[in-house]
Amino acid sequence: MNYKRINNITGWIVCFIACAVYLMTMEATGSLWDCGEFASSAYKLQTPHPPGAPLFVLIARLFMIPFSHNAALGANTMSALASGFTILFLFWSITHFAKKIVQKSGEELTGEKTFGIMAAGVVGALAYTFSDSFWYSAVESEVYALSSFFTAIVFWAILKWENAVTEEQKAGINGHFTSADRWLILIFYFMGLSIGVHLLNLLTIPAIVMIYYFKRYKVTNWGTFWAFVIGCVITGVVQKAVIQWTIKGAGNFDVLFVNDFGLPFFSGFAFFFVLLAVLIFWGIRVAKKKNWNFLRLGLWIFTFMLLGYSTYFTTLIRSNADTSIDMFNVDNPVSLVGYLAREQYGETPVLFGQDFTAEPIDSETEETYIKGKDKYEKNGRKINYVYADEDQHFFPRMWDASNDQGRHADFYASFAEITKNDKGEWDRKPTMGDNINFFMQYQVGWMYMRYFMWNFAGKQNDIQGTNPGNRRDGNWKFVDQKALPDTLKHNKANNTLFALPLILGILGLVFQFSKDRRDALVTGLLFFFTGFAIVVYLNMPGNQPRERDYAFVGSFYAFAIWIGLGVLFVKDQLSKLISKPLAGYAAAAVCTLAVPLLMASQEWDDHDRSNKTLARDLAINYLESCDKNAIVISYGDNDTYPLWYAQEVEGIRRDVRVINSSLLGTDWYINQLRYKVNDSDPIDVIWTKEQIEGPKRDAIISYPIAGVDPNQYMDLYTMMKDYAGSEDPLRQVPARGGGMLSVYPTKKVIIPVDVDLVRRNGTVNADDSVLTEIRFEIPKEKDQLNKGETAILNIIAANKWKRPIYFTSNGAGLGFDNYLRSDGLTSRLVPVVNTGVNRDWVYDKMMNKFVFGNCNKPGVYYDEENRRHLNSIRLAFAEAASNLADNGRKEEAKKLLHRCDSNMLQENFPYGMVSRNQLHDYFSIQFMEAAYKAGDFTLANKVFESLKKDLQQQITYYSNLSDGAQEALADDAKQADRFLKGIEQMKQQYTNPQPPVEQATPGKSTGTGTAPAKVADTPKKKS
């Protein structure tokens, strides 16, 4: 067979292996994080969060059609196959570079050389197949697998263009816009399509420009430099001009046509693109006539990129259909501009800006249009804060002054050892050295190099790392750390690679650089722009809600090319000792065993999700905890997206209205509550659409109003409608920047109760002591309420006890926690004080409805985020059983505890286990105490022994760390010591109650520590 056939067949074999691996290990249903949202959006062609992914939605929907019984499998299959084909194009890219190194001066390829090239492709492609971060994305319905596919096919296509140009040059064909340049047009069409998935693909442009320069121009040092600059500029032009300015221009035309010409919505939008098409057609004709081939090529590239990008028209169409998931309400061209620009998440300074200690000295208000009834109205406002010149500088890395989502400012301050004085002011500003240090240590070292080393050196465990000084959590590793506690040592994500993939990749980099510096530069640019450049662009603050390694898989893709080329280096060195054919076979065998096979053997168990159903089952438990036609207010992605998935895709409990509190601060989301969704009735939010447009009532402040005694309780509905919702200037106060602010005149609140109604509709139980009104106080520290908090109060006030209202966490921090009763995984607002657990309801649901994500099946792996939600289920069983036991129902308590224990195998989910802030052990202590209370000493002792072993091993581990490493884990070490003493006291108390001792439950007076009953997700910015 000739080389081309061998290359094709081998590539397809590698592709088949990769596809098989991903299909075998993909998740059984929906997954956590954004997967539930994307699967739901695909199933009904809905609109996911900005900047959207319309092509992903369309393709995933096609894959769902054959999987009517489990549509999530269709989306997961799409990711698995897209990832498998990514490996195919990676293989062909590696063999392209390898062939150029091996085949010099046009000499004929021998069988021995061909084998070496194939070996390089196989090792490099399979190494990436089994890499940690890429494998993670390959088996779930997220955008990153399909995005990687487009990156791979685009990079492969430019190499095909290079081959085609070589053939043309051999035939004496030179110049621009030759037959080979059809590949360039195809490349930019793929790029346009990829925008409808994720923007990562655009970072291949500098490498593409460099290949074009090397092939079409005489290469000089300055020419190479300017080609690099042009590549960066083209990337920026595509990001701004093509993606944003075209849509912004179309939006401006629509405003003109609708407002000034009186034409329908979308008329100006359509005219803009018709005009653009005419101009492109005219430009191509002129370029062809005058033989301006470079312009002609550029116009064709621009045209096909826009054609690919046109998938966003479907976003406008589906948003106008008012689908259940309709993020940002993109029902008009003007909204599409903000959707693509990710305005919802604010702006991040990249090269110039302020530090977190800076206070704004002014604000600039940018009037923006929103869609009205018959025309666009300037009611939206975008506020940009202005900072003093001395507070701004080049390359700000410590910039986020907020503490509401992850305590970013506090993280910076701790990192740079900046403190506050008695007045609450920062004692100093970060220096440029502080910013550079944060960039190098945290953003590069912790948030990139750590992930890079996970993939190619080894991974210590799956506990999320939050601090570079923490030696225990989420680090990369070279060899086993034998002193680790067993639950970390035997953590399935403890993967020992001995840095062999890293070493082989470095050897491949050096080898390519020594043999072909131009190709090494191209690969290096791909590696840089999909790795370090993303670090600079994202400018990530500390305390991320999850690990962000998925953002850098393009960089790991480029490194896999060097891993493949490393095989040629090994062969080259071995050929000095043995014959060339034997050296080729030996290099292939050694490198295959040392890299892809080692990676597969180490990482299979922590990437196999084929039996895991936790995301769906978690959603079932939340939804089944709710009464009919309920409203449930959720907190964060993983308390929301699985519920959307269960309702939208699997049709589970569509009568429940799920409200994501993270989105309640936006007018469009509050307005969407006004219409029916699935089987859930509309919700009254008191205020009209006009009253919450744009920034209106983004905050209402606590302020006295004449004639209102702030020490008297006020009806909540009256307060929200007649005061906070009033347009009367006498019930508002002037704002500093102009305009008026809405107020609430008292923090003392009453919600009247229709006792007959709450007894009839099941809000309360027959034996409850029902209040005629509930009273609470908005916390003293809340001098203002944001739009999301007022929306919650409005929903409660307008509901008037007609529908059940639930929370997935302990209320909203608004003061009414004493009236929340546990109905399972949710807490229901009831007109009864300190009710604790709704015993009969909870017992029925937990015994008959709750499911456990297949945790009763041996060998199912649950990573840290999965374990966190399993802990929520375990804690709910513990609280319910404890309450039943306290009320003399010990047999029912035992049954609850045994159902939970039997469905959570110790090999999958042990009671004693290392975790951040010791929360895992804390929850298990609650479970152990419930078992003691129920009189089940066998189960209680089982939990005790697991906890004791883990805590003792942790204490030993901490004591053997160096002083610096001990300091980073000092709180965990103290907590472990307190917990160990606490469980021993607890066991003594229940097994030998004489003499009586004080109860030793963590969080009580024994001092064993405190922790929240449930841990809510931290809302995140999308990356």
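Two strands count as a pair if DSSP finds at least two bridges between them. Keep that in mind, everyone. The model on the screen is predicted.

Strand S17 and strand S18, residues 827-829, are joined by three bridges, in the antiparallel sense.

Now the whole sheet. How many strands does this open sheet have, and in what order? Five, in the order S8-S7-S16-S18-S17. The pairing is mixed. In general, strands of a sheet pair through backbone hydrogen bonds, either parallel or antiparallel.

Which strands stand at the edges? Strand S8, residues 657-660, and strand S17, residues 820-822. Each has a single partner strand, so one side of each is left without a neighbour in the sheet. From one strand to the next, the twist averages 30°.

A helix packs on this sheet. That is H28, residues 787-799. H28 touches strand S7 (631-634), S8, strand S16 (805-807) and S18. Its direction makes about 150° with that of S16.

S7 and S8 run parallel, joined by four bridges. Ile-633 stands opposite Ile-659 in S8. Are the faces of S8 covered or open? Both are covered. Arg-657 and Ile-659 are buried on one side, and Val-658 and Asn-660 are buried on the other.

Next, charges. Side chains of opposite charge can pair when their charged atoms come close. How many salt bridges does a search of the whole structure find? It finds 36. I'll show you a few.

Arg-821 forms a salt bridge with Asp-768, and the closest N and O atoms are 2.9 Å apart. Asp-768 sits in the loop between helix H27 (755-760) and S14, while Arg-821 is in strand S17.

Lys-748 lies in strand S13, residues 748-752, and Glu-777 lies in strand S14, residues 773-777. So this pair ties together parts that are 29 residues apart in sequence. Is Lys-748 buried or exposed? Buried means under 20% relative accessible area. Lys-748 has 17%, so it counts as buried. Glu-777, at 35%, counts as partly exposed.

Asp-434 is buried, with a relative accessible area of 13%. Arg-428 is partly exposed, at 31%.

Last stop, the surface. Which residues make the nonpolar patch? Leu-351, Phe-352, Phe-394, Met-432, Ile-436 and Met-440. The patch covers about 600 Å². Helix H16, residues 432-456, gives the most to it, with three residues. Leu-351 is placed in the loop between helix H14 (333-340) and strand S1 (352-354). At 48% relative accessibility, Leu-351 counts as partly exposed.

Note on methods. Residues numbered from 1 in each chain as written. Predicted model: local features only at pLDDT ≥ 70, side-chain atom pairs only at ≥ 80, totals over all residues. Heavy atoms only, no water. Helix = DSSP H or I, 4+ residues; strand = E, 2+ residues; numbered from the N terminus. Axes fitted to C-alpha atoms, helices over the stretch in contact; angles between N-to-C directions. Contact = heavy atoms within 4.5 Å. Patch = residues over 30% accessible without salt bridge, like charges linked within 9 Å, V, L, I, M, F, W, Y side chains within 5 Å. Areas by Shrake-Rupley, 256 points an atom, 1.4 Å probe, with all protein chains shown as cover. Salt bridge = Lys/Arg side-chain N within 4 Å of Asp/Glu carboxyl O. Buried < 20%, exposed > 50% of the residue type's maximum accessible area, 1.4 Å probe, protein only.
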